[in-house]
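Subject: Structure handover

Hello,

Here is the structure you were going to look at. Please open it and keep it beside this message.

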Amino acid sequence: MIRIGSGWDLHRLVPSGKPLIIGGIEIPSKKGPLAHSDGDVLIHALIDALLGALAKGDIGSHFPDTDPAYKDIDSMELLKSVLQQELPPYTIINVDATIILQVPKLRAHIDAIRENLSKNLSLPIEYISIKAKTAEQALGELGSGDAIIAQVALLISG
Ligand code: MG
């Protein structure tokens, strides 16, 4: 059986925020996410896409942001938990993600993010697409560089 999943996440970006980590890769940035965890927006959207494909709730129901256990946690650890505990017997076919960020530009970091996802998902890099867009300086906080959004679509089979 093949199932589709979609995920979406947003974090505010603030000057005194945490390091900007996208897909497990630290991106040099003047602003970082306001978040209970490490604020990795791409991994959060990916987790929601996986849980969505499985119809097993969402990231908030599995890892509540009121739980001190998840404070400042590396989101890759949350992803690993979903991959090990929830995904089997399914496997991921492909991942297609879009990141919307005004600054900094992500183009130079896209392949590093894809490689890191490839390693963590045990999925060849040619099945992992990451697209980066700006908000064309529109859409309020997104266009002024004070927020970041990630969207993920994926297929699983099993
Ligand atoms: Mg999040």
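Below are notes on the pockets and on one residue.

The model is predicted, so local features need pLDDT of at least 70 and side-chain atom pairs count only at pLDDT 80 or more, while totals for chains, interfaces and linings use all residues. Residues are numbered from 1 along each chain as its sequence is written, and side-chain values use heavy atoms, without hydrogens and water.

A pocket here is an open set of points on a 1 Å grid over the protein atoms alone, where a 1.4 Å probe fits, with protein on both sides within 12 Å along at least five of seven lines; lining residues have an atom within 4 Å of a point. A volume is the space filled by probe spheres set on the points.

The largest pocket has a volume of about 300 Å³. It is lined by 16 residues, and H11, H44, I59, F63 and D65 are the closest to its centre. Elements giving two or more residues to this lining are β1 (2-14), α1 (41-54) and α2 (59-62); helices (H or I, at least four residues) and strands (E, at least two) are DSSP runs, numbered from the N terminus. The largest share, three residues, is from β1.

H44 belongs to helix α1.

Regards
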